[in-house]
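Q: Could we go through this structure together, one kind of contact at a time?

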Amino acid sequence: MNELGEYKKGPFGSSLTKDMFVPENTPKRVKVYEQKNAIQKDSKLGKYYISETKFESMKGFVVEPGDIIVSCAGTIGEIYTLPSEAEVGIINQALMRVRLFYKSIEDYFLIYFDGILKKESSEKGNGTGMKNIPPFDVLKRMLIPLPPENEMKLILNKLVSINIYTEKISESQKDISKICSRIKTAILENYFSENGSYKSYYLKDLCKLTKSNETFGEYPYLEAKVIRGTKNPVFKNEGNFVSKNTPLILVDGENSGEIMFAPFDGYMGSTFRIVELIKDAVLIEYLYYFMLSKRLMLKENKKGSAIPHLNKKISNSLLLP
């Protein structure tokens with residue numbers, strides 16, 4: 001990798017401090033590029049500038065149009081080529097500058113870095129709380145297979161066609177998901193539509209929403225993401241205890257009205273209430289699907305703007321056949 005280009009890490013330590021920055025309208029000010037420029041692929045982002053005098057002492061960290069910048073801390077390995085209209089500036093300590101000796105290999109290098117080197121950098125990154133780009137001596141020793149130019153072009157063309165194909169698949173998956181959701185909603189609405197042969201009950205007469213006041217020592221905290229399995233639980237020593245399979249309903253947030261079941265014993269999150277059945281004739285699973293059929297209606301009628309809440313007046317007046 002060292003034979004393909006020049007690599008420069010941003011200034012370390014206190015080379016850039018807040019008192020060194022100047023307002024954007026300062027004459028001859030120089031832009032400071034940040035991680036978000038690389039991550040969001042936008043050279044215009046950022047509001048930090050240094051004076052021309054300070055710039056003279058930091059020319060070793062200069063970046064220009066055509067230079068490649070790489071994020072080096074936290075979200076590591078995001079790579080971006082500064083466009084022709086980008087300002088001349090300097091990189092901060094969270095960026096690395098790459099200048100290829102051979103401009104003709106840039107497209108190949110960007111794809112290889114994004115697909116292979118980013119993964120290797122993440123695996124070899126140091127730091128505990130936040131991953132950092134590995135030391136330069138590690139990066140410079142990384143080998144990049146460089147095929148002949150004609151073969152390189154064939155590889156790039158093939159990758160472009162594969163990307164187009166996978167993007168189409170991704171879009172199709174989104175469309176299929178939307179269709180499945182509409183079908184499911186239509187089926188539920190059909191089952192739970194008004195039927196003269198059934199007696200209907202107001203929801204408030206079938207169940208009530210309660211909170212537990214029991215505390216039993218250390219247990220996992222049951223947030224929505226924990227119940228969905230997308231987040232590991234934190235443990236608390238007190239709270240509102242619920243046992244495994246307890247039906248819970250979200251009363252705050254974007255998905256207010258959704259019923260979930262506690263996957264294990266724990267303390268329920270603050271956005272939940274327990275669904276306690278009043279009438280024995282109702283199966284909780286039946287109530288679950290009924291509430292699912294009303295999901296869009298409840299979502300459209302939430303109360304509150306900053307933090308939306310379940311509209312209890314509407315939910316209590318729902319008629320369940």
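A: We may begin with a charge and a ring: K236 lies over the face of Y221, at 3.9 Å from the ring centre. A charge sits over a ring if NZ of Lys or CZ of Arg is within 6 Å of the ring centre and within 35 degrees of the ring normal. The model is predicted, so local features need pLDDT of at least 70 and side-chain atom pairs pLDDT 80 or more, while totals for chains, interfaces and linings use all residues. Residues are numbered from 1 along each chain as its sequence is written, and side-chain values use heavy atoms, with hydrogens and water left out.

Q: And what sits over the ring of Y33?

A: The charged end of K31 does, 5.3 Å from the ring centre.

Q: OK, rings with rings now. How many aromatic pairs does the structure hold?

A: The structure holds eleven aromatic pairs. Rings of Phe, Tyr and Trp (its six-membered ring) pair if their centres lie within 6.5 Å; planes under 30 degrees apart count as stacked, over 60 as edge-to-face and the rest as tilted. One of the pairs is Y219 with F241, which is edge-to-face because the planes stand at 70 degrees, with the ring centres 5.0 Å apart.

Q: Where in the chain are those two?

A: Y219 is in strand β11 (residues 219–222) and F241 is in strand β13 (residues 241–242), so the pair links distant parts of the chain, 22 residues apart. Helices (H or I, at least four residues) and strands (E, at least two) are DSSP runs, numbered from the N terminus.

Q: Is F241 buried or exposed?

A: F241 is buried, with a relative accessible area of 12%, whereas Y219 is partly exposed at 25%. Buried means under 20% relative accessible area, exposed over 50%, and partly exposed in between (1.4 Å probe, protein chains only).

Q: Which other ring pairs with Y219?

A: Y219 also forms an edge-to-face pair with Y267, at 5.9 Å centre to centre and 80 degrees between the planes. Y267 lies in strand β16 (residues 266–268) and Y219 in strand β11, so this pair ties together parts 48 residues apart in sequence. Y267 is buried, with a relative accessible area of 0%. Ring pairs link F216, Y219, F241 and Y267 into a cluster.

Q: Switching topic: how many salt bridges does a search of the whole structure find?

A: The search finds 13 salt bridges. A salt bridge is a side-chain nitrogen of Lys or Arg within 4 Å of a carboxyl oxygen of Asp or Glu.

Q: Why can such side chains pair?

A: Side chains of opposite charge can pair when their charged atoms come close. One example is E223 with K231, the closest N and O atoms being 3.2 Å apart. Salt bridges that share partners join E64, D67 and R99 into one network.

Q: How far apart are the closest N and O atoms of R99 and E64?

A: They are 3.9 Å apart. R99 lies in strand β8 and E64 in the loop between β4 (62–63) and β5 (68–71), so the pair ties together parts 35 residues apart in sequence.

Q: And which helix holds E171 and K174?

A: Both are in helix α5 (residues 149–191), where being three residues apart separates E171 and K174 by about one helical turn. They form a salt bridge with closest N and O atoms 3.5 Å apart. E171 is partly exposed at 43% relative accessibility, and K174 is partly exposed at 46%.
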